[in-house]
Amino acid sequence: MAVPGRHHRIAVVIPCYNSHETIAECLASVVMQTLQPSEVIIVDDGSSDGTWDLLHELKLVKYPGLRILCHDQHENYGSSLTRSLGIANANADFIALLDADDLFEPSKLEQQLAAFERHPDIVLCQDRKSTRLNSSHLVISYAVFCLKKK
């Protein structure tokens, strides 16, 4: 249960597959959070585009605390099992899920933790974000989830 004023550990779990072009910006959006996560776990789902090597380079150069996982023998098992592997390895009170081609708004974790603190009976919360590219383009909506692990 979230208790106001108590420090809660938040893990961000990012499943990725062939995300070489998007993963650096995705990670940057996590680092820019107004409330920093206690851990960031990326699970590679057998990428073949250089994502695996880039993840290790990013860990070495920018994100030393980054945890990088993969399936046995670097197999591809799909996003559900990949996400589940990250969740199973998280050591946190809350899990925030992020796809490798998406970005967090800067206060996403802070806002969702506040929602858990205001409503201690909830176990999952969702944000909706809509962006209008311009007056002639479609509105894009997406959802980002955060859930209690314990």
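In this predicted model, the buried residues of helix α1 are covered by elements that include strands β1 and β2 and helix α2 (51–61). The buried residues of helix α3 likewise have a cover that includes β1 and β2 (39–44), together with β4. The points below take the two helices in turn and then the strands β1 and β4.

**Helix α1**

- Helix α1 runs over residues 23–31, and its buried residues are Ile23, Cys26, Leu27, Ser29 and Val30.
- When the helix is viewed down its axis, these buried residues fall within an arc of 155 degrees, and they therefore line one face of α1.

**Helix α3**

- Within helix α3, which spans residues 79–88, the residues Thr82, Arg83 and Gly86 are buried.
- Because these residues cover an arc of only 95 degrees around the axis, they lie on the same side of α3.
- The other side of α3 carries Ser80 and Ala88, both of which are exposed.

**Strands β1 and β4**

- Strand β1, made up of residues 10–16, pairs with β4 in the parallel sense, and four bridges join the two strands.
- Valine 13 has leucine 97, a residue of β4, as its bridge partner.
- Along β4 (residues 94–97), Phe94 and Ala96 point one way while Ile95 and Leu97 point the other way, and all of these residues are buried.

How values were computed
Residues are numbered from 1 along each chain as its sequence is written. This is a predicted model: local features need pLDDT of at least 70, side-chain atom pairs count only at pLDDT 80 or more; totals for chains, interfaces and linings use all residues. Side-chain values use heavy atoms; hydrogens and water are left out. Buried means under 20% relative accessible area, exposed over 50%, partly exposed in between (1.4 Å probe, protein chains only). Two strands pair if DSSP finds at least two bridges between them. The arc is that of the directions from the helix axis to the C-beta atoms. Contact means heavy atoms within 4.5 Å.
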